[in-house]
Amino acid sequence: MKGNYTIIFSAVIILILLGILAYLNFFMEKPTDESSPNDVFSNLEFDALGENTDSPVVDNNTGLPDISGNQPRVRLRQLTTRNTVGYAEVVRSTTTPPVVLIGEAGVGHIYEINLEQGTETRIGYTTIPDARSMFFSNDGTTFAVITSERGGPGQLRLGVLSDEGSAALTVVADNVTTATILDGVLLYSKQHNNGIDVVERDLARGSEKTLFTVPFREAIVVFGETVTGPHVAYPKSSQHLEGFVYSYTGTTRTRTPLNGFGLTAHLAGDSIVGSWRNGSELTSYYYEGSNRLDLASPVIPEKCTGITDVIVCGYDSETTLTSRSTDAWHQGTARFEDDVWLITQGQLLQLIDIEAESGRAVDLISPQIGYTTNDLYFKNKVDQTLWWYDLSEDIEATSNQ
Amino acid sequence: MHSWFSLPVLLAAILFVIPQSSGAQFSNISGGQGFAQNESIIVTPEFPEPGGTVTVRFESYGTNISGSTIIWKLDGVTIGDATNRREATFTAGALGKQHLLEIVVQPSGGVERVVRAQIIPTYIDIVIEPQTHVPDFYQGRAVPSVGSLVNATALIETGRPVGSDLLYTWRLNQKALELGPIRGNNRVTFDATRDRNMTLSLVVSLPSGEVLGRRSILVPVVTPELQFYETNALYGINTYAITDSFTMIGNNASLLAVPYHLDSRIYNNPALHEWNISGERFSNNTNPYSVTLGKTKPSGRDSIEFEVRDTTQLLQGARGTIQINY
């Protein structure tokens with residue numbers, strides 16, 4: 001008897017379930033929400049049971065600064081793990097935030113880094129072997145690349161990025177030491193037997209003219225912020241030999257009152273930050289207009305950049321720089337563990353301890369300040385990766401002084 | 001603040017006079033009032049840089065000036081704290097400014113004499129470009145080594161139009177280069193000597209003979225040195241030198257030996273180039289400075305040595321050793 005009850009009960013349950021299934025199939029209304037046309041699941045109205053109190057799972061791990069105020073603001077970030085030969089902050093339009101373009105060493109592939117989302121997207125697929133340095137136009141559509149097998153002067157080529165990511169490359173010149181793109185003009189320095197020609201190429205017309213000639217061959221040319229200058233040129237540095245800084249505006253050369261042994265110089269905004277040997281020590285200076293101010297501590301000028309009233313440098317406060325330090329750093333026998341420092345009125349003020357903040361030792365090179373002046377970009381010489389530091393609070397503090 | 005900008009004062013020298021054997025010495029022959037032939041002004045440096053410090057000494061031979069009042073005037077203005085001194089120090093003014101220095105000697109009961117000098121701040125730069133090897137990635141300058149070629153380029157700025165038709169007279173260790181003055185050519189090439197420092201002198205003058213400036217510099221001669229670097233087929237040279245030891249991570253590694261300041265002619269065609277890896281010597285005739293190493297044992301270390309040398313000039317060479325860890 002007991003077995004019959006069980007069979008009957010089971011059959012009833014099955015019939016009820018079949019009834020529910022038939023109802024759902026034939027009588028239940030389909031959802032009309034056009035926003036979810038692919039939703040093939042029935043609305044079982046679980047919401048009616050009460051509000052869902054589970055927290056939504058959101059991946060906040062973008063590596064970007066958290067602006068919600070819930071967490072400490074992140075002010076230092078490594079932007080890429082790629083070996084970078086050139087980079088630029090690019091503003092595509094006034095309505096979109098700036099992005100950073102980078103060129104990858106050896107292959108010349110171009111990537112776009114979205115600073116808000118932290119994503120890295122390859123936008124240049126053309127392979128450029130032996131890419132040594134790369135320069136971008138303000139809008140990121142045009143780039144120049146120097147290729148060189150051994151890292152010295154090389155062939156300069158000009159490329160325009162297509163929407164598909166390919167780039168037709170035009171050979172511009174050989175024996176090029178450095179270049180930049182300013183306001184639709186490509187500037188490059190070309191080495192020849194008796195010196196260096198700095199050539200101006202109008203990108204729209206393709207026309208070229210020599211802007212000025214540096215009358216010696218082993219020169220470092222540092223481009224200013226406008227085509228006409230001022231630009232700076234000086235003989236390559238050696239602790240054993242005297243150097244002199246020349247400023248070029250248009251075609252006119254002016255000898256600055258900066259000269260000394262082991263001399264180096266770098267443009268930082270309108271000023272020149274440099275250093276020279278002083279006996280067995282290294283002395284650094286800041287030169288603007290016609291005034292020179294010696295810095296309280298020596299720095300390697302190639303580690304500095306600046307805009308009006310703001311000079312920032314990579315500086316290793318735990319290493320004493322001597323007259324030999326610049327040569328040794330160029331030679332690769334010295335390595336620094338830099339932090340970011342602000343130069344103000346000849347004094348150095350530490351902005352961030354990079355190693356404490358990131359756990360990484362950075363030998364800082366190629367610094368640049370972004371268009372909004374809130375962003376500092378720099379490379380780590382150790383692995384050529386690109387980093388970012390948020391300068392906004394420091395700029396604000398400086399302007400309030 | 002900054003002395004050489006904010007203290008632009010005076011000077012420059014050159015008497016309307018006959019420079020004597022030392023180029024920095026001037027004696028007045030056109031004093032107007034009384035003067036003594038054996039009084040002179042010595043300006044050091046003779047052609048100061050703009051903003052540079054100038055030391056001026058008043059020399060008087062055979063004339064008794066004790067008891068005389070000595071008044072110094074620069075561009076007509078009396079320099080108070082130099083009164084009755086025989087030596088004074090000034091800061092030169094801007095490029096090309098012609099300063100007139102006057103020393104007025106007033107003997108007690110005698111005739112006043114004036115000695116004059118004109119000082120024109122001038123830049124005379126000599127850029128040294130040795131033809132010795134440094135790697136392409138090196139942002140520094142090569143330095144001369146024994147026997148290497150050295151190029152020197154003179155750049156002169158006087159602050160006034162002087163044209164390009166100038167005479168350049170170069171001397172190396174007191175010996176004239178190019179057999180005398182070169183007209184219109186501001187470059188010279190010479191061989192580095194065996195001295196630790198060479199003295200290179202230059203006089204720049206107008207075709208008329210007027211001297212625009214002089215400069216002497218010491219040019220050092222160094223011993224070449226060797227550094228090792230790892231190279232990568234994709235990224236090229238790792239610009240950090242291997243200063244002591246190198247740890248091989250993979251199964252092989254490529255190393256480059258880079259001699260610094262070796263005569264470029266010897267670098268390009270070395271008489272002797274030899275690698276020595278744990279006692280085994282060999283040469284790479286494809287690229288003498290490069291070697292590719294394979295991992296020969298799971299762990300341990302080897303010694304790697306490289307030497308490059310000229311067989312006729314033995315000081316033209318470099319040798320280096322590093323350890324490699326497996």
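Visitor: Is B:Ala152 buried or exposed?
Guide: Welcome! This is a predicted model, in which local features need pLDDT of at least 70, side-chain atom pairs count only at pLDDT 80 or more, and totals for chains, interfaces and linings use all residues. Residues are numbered from 1 along each chain as its sequence is written, while chains are lettered from A and ligands numbered from 1 in the order in which they are written. A residue is buried if 20 or more other C-beta atoms, placed from the backbone, lie within 10 Å of its own, exposed if 12 or fewer, and partly exposed in between. B:Ala152 has 23 other C-beta atoms within 10 Å, so B:Ala152 is buried.

Visitor: In which strand is B:Ala152 found?
Guide: Strands here are DSSP runs (E, at least two residues), as helices are (H or I, at least four), and both are numbered from the N terminus. The run that holds B:Ala152 covers residues 149-157 of chain B. Its name is β11.

Visitor: Leaving aside neighbours within four places in sequence, which residues is B:Ala152 in contact with?
Guide: Two residues are in contact if their C-beta atoms, placed from the backbone, lie within 7 Å. With the neighbours within four places in sequence set aside, the partners of B:Ala152 are B:Ile126, B:Ile128, B:Arg187, B:Val188 and B:Leu200.

Visitor: What is the strand order in the open sheet of 4 strands in chain B?
Guide: Two strands pair if DSSP finds at least two bridges between them. In this sheet β5 (77-78) and β8 (113-119) stand at the edges with a single partner strand each, so one side of each is left without a neighbour in the sheet. Strand β7 (residues 99-106) pairs with β8(B) in the antiparallel sense over 7 bridges, and B:Val104 has B:Val114 as its bridge partner. The pairing in the sheet is antiparallel, and the order is β5-β4-β7-β8.

Visitor: How many residues does the contact take from chain A and from chain B?
Guide: Each chain can be counted on its own side. The contact takes 33 residues from chain A and 33 residues from chain B.

Visitor: Which elements give two or more residues to the side of chain A that touches chain B?
Guide: By type, the residues on this side are 9 nonpolar (Ala, Val, Leu, Ile, Met, Phe, Trp, Tyr, Cys and Pro), 10 charged (Asp, Glu, Lys and Arg) and 14 polar (the others, Gly among them). The elements of chain A that give two or more residues are β15 (242-249), β16 (252-261), β20 (291-294) and α2 (325-331).

Visitor: Why is strand β8 of chain A largely enclosed by the rest of the structure?
Guide: On one hand, β8(A) is joined by 6 bridges to strand β7 (residues 142-147) of chain A, and the two run antiparallel. On the other, β8(A) pairs in the antiparallel sense with strand β9 (residues 167-182) of chain A over 7 bridges. As for burial, β8(A) covers residues 154-161 and is largely enclosed because the number of its 8 residues that are buried is 6.

Visitor: What is the average pLDDT of chain A?
Guide: pLDDT is the predictor's confidence in each residue, from 0 to 100. In chain A, 86% of the residues score at least 70, and the average is 86. Over residues 29-69 of chain A, however, the pLDDT is below 50.

Visitor: Where is A:Pro230 found?
Guide: The peptide bond from A:Gly229 to A:Pro230 is cis, with omega near 10 degrees. A:Pro230 is found in the loop between β13 (219-222) and β14 (231-235) of chain A.

Visitor: Is A:Asp183 buried or exposed?
Guide: A:Asp183 is in the loop between β9 and β10 (185-192) of chain A. Its phi is near 50 degrees, a positive value in a residue other than glycine. With 10 C-beta neighbours inside 10 Å, A:Asp183 counts as exposed.
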